[in-house]
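Have the viewer open while you read.

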Amino acid sequence: MLASYLTMAAILFCIGLYGALVKRNAVIVLLSIELMLNAVNLNLVAFSKYGVVPSINGQIFALFTITVAAAEAAVGVAVLIALFRARGTIKTDEFDELRR
Amino acid sequence: MFDIEFNGEFAAFFVFAVLMIAGAVLMVSFTKVVHMVLSMAAVFLGAAGMFVLLEAEFLAFVQVLIYAGAVSILMIFGIMMTNHSDSRAETIKPLKETLAAVGAIALFGLLFYAIRDADFEGLDGGTPAQTTDNTLAIGQALFHNHVLPFELVSVLLTVAFIGAIALAKKEA
């Protein structure tokens with residue numbers, strides 16, 4: 001079963017990566033990053049049950065990942081709202097000041 | 001292939017896997033942003049189901065509360081407060097999209113090859129110790145072996161909370 005879970009997590013991670021690279025709405029980019037973090041959580045929990053040394057530590061790591069991801073989402077949305085107030089858009093390709 | 005025996009766990013895994021992959025693919029392909037967030041909620045619920053299959057009931061509950069609840073609602077709030085005039089046509093960049101798709105598929109191919117190649121013989125799920133009460137086991141591990149990270153994470157949450165308020169304040 002371990003290989004199935006790992007493949008599942010790889011599929012989710014790659015879809016998340018594609019979304020984060022392609023999508024131009026910054027909220028959806030944040031969401032894609034959450035998807036990638038979720039794939040990593042799945043791996044951690046799968047190894048916590050099926051690993052060489054089954055241990056509760058995998059679940060603890062997943063718990064910390066979830067916490068940090070939640071903090072990241074909150075700050076990310078706050079930054080987006082501030083950006084939207086300043087620039088009137090959240091399209092990622094319109095924030096290119098440093099490239100000019 | 002995967003040497004899978006068709007038991008109840010595999011059936012449940014299959015259902016959750018279909019739910020998650022369908023949600024993720026729809027998230028990438030929908031055009032309306034709110035629909036994307038809703039399909040992501042399906043992915044989060046599927047992940048919670050997989051955590052139950054992996055005997056991590058506490059994590060499954062946390063997943064439903066934090067991801068399917070808080071993060072989804074937060075994202076919908078973000079969309080409502082920023083997306084006024086999204087009716088403009090998306091200018092598509094075919095080259096960038098193709099490159100991203102090729103890169104993602106190449107990464108998946110690499111990961112899939114590594115997973116197929118790895119030797120998982122004999123790893124048939126020795127359950128983590130103290131399986132009777134998952135929450136009790138997590139609590140004991142958290143407060144015996146991981147006290148410092150736990151406190152650090154509480155500080156991080158406070159900082160993120162105050163920082164989010166300061167960033168999103170009107171006259172910031």
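Which side chains meet Arg24(A) and Asp93(A) in a salt bridge, and at what N to O distance? They meet each other, at 2.7 Å, N to O. A salt bridge here is a side-chain nitrogen of Lys or Arg within 4 Å of a carboxyl oxygen of Asp or Glu.

Before you dig in: this is a predicted model, so local features need pLDDT of at least 70 and side-chain atom pairs count only at pLDDT 80 or more, while totals for chains, interfaces and linings use all residues. Residues are numbered from 1 along each chain as its sequence is written, chains are lettered from A and ligands numbered from 1 in the order in which they are written, and side-chain values use heavy atoms, with hydrogens and water left out.

**Salt bridges**

- Over all chains, the count comes to two salt bridges.
- Arg24(A) sits in the loop between α1 (2-22) and α2 (26-50) of chain A and Asp93(A) in the segment after α3 of chain A, so the pair ties together parts that are 69 residues apart in sequence. (Helices are DSSP runs of H or I, at least four residues, numbered from the N terminus.)
- Arg24(A) counts as buried at 12% relative accessibility, and Asp93(A) counts as partly exposed at 21%. (Buried means under 20% relative accessible area, exposed over 50%, partly exposed in between, with a 1.4 Å probe and protein chains only.)
- Between chain B and chain A the count is one salt bridge: the side chains of Glu55(B) and Lys49(A) meet at 3.5 Å, N to O.
- Lys49(A) is buried, with a relative accessible area of 7%, whereas Glu55(B) counts as partly exposed at 28%.
- Glu55(B) is found in the loop between α2 and α3 of chain B, and its phi is near 60°, a positive value in a residue other than glycine.

**The interface**

- Chain B puts 80 residues into the contact and chain A puts in 70. (Contact means heavy atoms within 4.5 Å.)
- The two chains bury about 6900 Å² between them, 77% of it on carbon and sulfur atoms. (Buried area is the accessible area, 1.4 Å probe, that two parts lose on being put together, summed over both.)
- In chain B, Leu54(B), Tyr67(B) and Met75(B) lose the most area to chain A, together 10% of what that side buries.
- Nine residue pairs are in polar contact across the interface, both partners at pLDDT 80 or more. (A polar contact is a pair of N or O atoms within 3.5 Å; within protein, one must be able to donate a hydrogen and the other to accept it, and residues adjacent in sequence count only if both atoms are side-chain atoms.)
- On the side of chain B that touches chain A, the elements that give two or more residues are α1 (8-29), α2 (33-53), α3 (57-82), α4 (94-117), α5 (134-144) and α6 (147-168) of chain B.
- α3(B) gives the most to that side, with 13 residues.
- By class, that side of chain B has 58 nonpolar, 11 polar and 11 charged residues. (Ala, Val, Leu, Ile, Met, Phe, Trp, Tyr, Cys and Pro count as nonpolar, Asp, Glu, Lys and Arg as charged, and the others, Gly among them, as polar.)
- Over on chain A, Val75(A) in helix α3 touches Ala160(B) and Leu167(B), leaving out residues up to four places away in sequence.
- Val75(A) is partly exposed, with a relative accessible area of 27%.

**Helix α5 of chain B**

- Asn134(B), Ala137(B), Ile138(B), Ala141(B) and Leu142(B) are buried in α5(B).
- Looking down the axis of α5(B), its buried residues fall within an arc of 130°, so they line one face of the helix. (The arc is that of the directions from the helix axis to the C-beta atoms.)
- The cover over those buried residues includes α3 of chain A together with α3 and α6 of chain B.
- At the start of α5(B), a side-chain oxygen of Asp133(B) reaches to within 3.3 Å of the backbone nitrogen of Thr135(B).

**Two buried residues with polar side chains**

- Ser39(B) lies in helix α2 of chain B and is buried, with a relative accessible area of 7%.
- A polar atom of the Ser39(B) side chain lies 2.8 Å from the backbone oxygen of Met36(B).
- Thr89(A), in the segment after α3 (57-87) of chain A, is buried at 8% relative accessible area.
- The side chain of Thr89(A) reaches the backbone nitrogen of Lys91(A) at 3.1 Å.
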